[in-house]
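Here is a short briefing to read alongside a protein model. Take a moment to turn the model around before you start on the notes.

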Amino acid sequence: MKDIFVLIAPGKRDSRNRSVIRLEPHIYDKVADLSRDTGLTMCRIVSQAVEFAFDHMEEDDNADPC
């Protein structure tokens with residue numbers, strides 16, 4: 001069964017900490033399109049996507065830590 005990524009609208013526990021991240025142009029375009037289509041900020045979309053990825057990431061003891 002496939003996991004489903006669902007965007008969540010703003011709530012009371014929003015982060016006020018603003019950070020800068022860099023995205024590859026094709027990823028940026030996808031996030032910008034999704035932001036335009038949903039009305040959610042790019043920051044909120046990226047934050048939720050990263051959290052979803054971490055929650056569903058398999059642990060690999062041999063993984064390169066970057």
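This is a predicted model: local features need pLDDT of at least 70, side-chain atom pairs count only at pLDDT 80 or more; totals for chains, interfaces and linings use all residues.

Residues are numbered from 1 along each chain as its sequence is written, and side-chain values use heavy atoms, with hydrogens and water left out.

**The whole protein**

- The secondary structure comes to two helices and zero strands; helices (H or I, at least four residues) and strands (E, at least two) are DSSP runs, numbered from the N terminus.
- Of the 66 residues, 11% count as buried. Buried means under 20% relative accessible area, exposed means over 50%, and partly exposed is in between (1.4 Å probe, protein chains only).
- The protein exposes about 6400 Å², and carbon and sulfur atoms supply 53% of that area. Accessible areas come from the Shrake-Rupley method with a 1.4 Å probe, and for residues only the protein chains shown count as cover.
- Among contacts (heavy atoms within 4.5 Å) between residues at least 6 apart in sequence, 66% join residues at least 24 apart.

- How far apart are the end C-alpha atoms of H2? They are 20 Å apart, which agrees with the 20 Å that its 14 residues should span at 1.5 Å a residue. The expected span is 1.5 Å times one less than the number of residues in the helix.
- The buried residues of H2 are Arg44, Ile45, Val46 and Gln48, and these buried residues pack against H1.
- Glutamine 48 sits in H2, which covers residues 42-55. Glutamine 48 counts as buried because its relative accessible area is 12%.
- Leaving out residues up to four places away in sequence, glutamine 48 touches Phe5, Val6, Leu7 and Ile8.

- Valine 31 belongs to helix H1, and its relative accessible area of 10% makes it buried.
- Which residues does valine 31 touch, not counting residues up to four places away in sequence? They are Leu23, Met42, Ile45 and Val46.
- Valine 31 and cysteine 43 are twelve residues apart along the chain, and their C-alpha atoms are separated by 9.2 Å.
- Tyrosine 28 also lies in H1, which runs over residues 25-38. With a relative accessible area of 43%, tyrosine 28 is partly exposed.

**Salt bridges**

- How many salt bridges does a search of the whole structure find? The search finds two, a salt bridge being a side-chain nitrogen of Lys or Arg within 4 Å of a carboxyl oxygen of Asp or Glu.
- Arginine 36 forms a salt bridge with aspartate 33, and their closest N and O atoms are 3.2 Å apart. The two are separated by about one helical turn because they are three residues apart in helix H1.
- An α-helix has 3.6 residues a turn, so residues three or four places apart point the same way.
- Arginine 36 counts as exposed at 59% relative accessibility, whereas aspartate 33 is partly exposed at 34%.
- Arginine 36 also meets aspartate 37 in a salt bridge (3.9 Å, N to O).
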